[in-house]
Each structure stands twice: as C-alpha cells, then as structure tokens.
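Here is a walk through the aromatic side chains of one model. Keep the 3D view open as you read.

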Amino acid sequence: ALYRASPDGNTIQRLTDLPNTAVLSLSPDARWLMYYNVGHQSTDYDLYRMRVNGHNRQQLTDSRTVDAYQNWSPDGQWVAFMSFEEGDGSIYKMRPDGSQRQRLTTIGNDSSPTWSPDGEWIAYISAQNGTTGIYRMRPDGTTQQQILTIDSVGLTILDTDNRLVWSPDGEWLAVASGAGIWL
C-alpha cells in the first residue's frame, strides 16, 4: 500500500489498499504520484497515477506485461518507462495521462530510464551485444550512445538495483550496486 506522512511523522494517511505497489515517483509540480502495481499475474505490472491526496486514481497502462520504472520529465510533460510490450524490455515515453505512447528503443533489454535535469537526455541501462552498460539518448529516441560499460567497473547487471540518478547539475550519473554507489 502507499502512504503519505507529514515530515514530523504526526500525520500518516493511507493512499491505496493495493498490495505489491512499488517505485513511487512524484510529478515535478508535486500534484501527482505515479507508481506501478503488480497485478494478478507476477508478470503483469501496470502504471497508475493519482493525486498526492490519494484521489483521482487512474490506470495508465494495461499491456498484460511489465510496465515499470517510470520517471517524469523535468517539465512534467512526459513520463519515460520500461515496458515488455513487444518482447524484451524497451524504453517508452507517454504523456502523464497515458496518451501518446511512443517506443524509443528497439534493441531490447533496456530498463531504468531517467531524465537529465535539463530534459535533453534520457539515461538508461541496456544489455546489448553481450555487454551491459549505461546509455543515453535524446527524448525522441535519437542519438543513442553508450556512456559506460558496467563490466568495465567490475559490476554486472545483477549487481545494480537497476536505477540511475542524475546529479542536479546534470554532470554525473549515479547507479546503485551491492558494492556501493558508482558515480
């Protein structure tokens, strides 16, 4: 279930009764929460959004597969996410209401999209040609380029928690691993 709490911990409000809810993300204007929920099948993850007060819950995807690891664009106009809709994981983007869904990557084995602070890039993890790395691309899916081979720093995809975070100035990317945080 999802909860919200006041910073002092005196007020706690349950927002959903849904079990198996994960990866909560807040819209840049702080009006919407987006999350994914595991459905009846363990391979059925759908994206939802709701107001921060728990009202207006809306299911955004229903692909009968995995839609997860969503991340808002800095201007709040788009959401990048991973989907297995067409086989292996690919990066998609859509409007926050679920409309204008677009596939951005086509090679597969892509996950964990995250927007740069200026909105000019989307970084993601990808396993291509037998090598796992961190890639980036423009928000329209062009200029896809590898920026780091995870193997080169002694990690494998299993060592990461599959999340990337940009520094506020856009100069660094952090990836969490069982061995610590890599910048």
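Start at Trp78. The charged end of Lys93 sits over the Trp78 ring, 4.2 Å from the ring centre. Arg95 lies over the face of Trp78 too, at 3.8 Å from the ring centre. A charge sits over a ring if NZ of Lys or CZ of Arg is within 6 Å of the ring centre and within 35 degrees of the ring normal.

The model is predicted: local features need pLDDT of at least 70, side-chain atom pairs count only at pLDDT 80 or more, and totals for chains, interfaces and linings use all residues. Residues are numbered from 1 along each chain as its sequence is written, and side-chain values use heavy atoms, with hydrogens and water left out.

Now turn to ring against ring. The structure holds 5 aromatic pairs. Rings of Phe, Tyr and Trp (its six-membered ring) pair if their centres lie within 6.5 Å; planes under 30 degrees apart count as stacked, over 60 as edge-to-face and the rest as tilted. Tyr35 and Tyr48 are stacked, 5.6 Å centre to centre with 10 degrees between the planes. Tyr35 lies in strand 4 (residues 32–38) and Tyr48 in strand 5 (residues 45–51), so this pair ties together parts 13 residues apart in sequence. Strands are DSSP runs (E, at least two residues), numbered from the N terminus.

Tyr35 is buried, at 0% relative accessible area. Tyr48 counts as buried at 10%. Buried means under 20% relative accessible area (1.4 Å probe, protein chains only).

Phe81 and Tyr92 are also stacked, 5.8 Å centre to centre and 20 degrees between the planes. Both are buried.

Finally, Tyr36, Tyr45 and Tyr69 form one aromatic cluster.

Note on methods: Helices (H or I, at least four residues) and strands (E, at least two) are DSSP runs, numbered from the N terminus. Buried means under 20% relative accessible area, exposed over 50%, partly exposed in between (1.4 Å probe, protein chains only).
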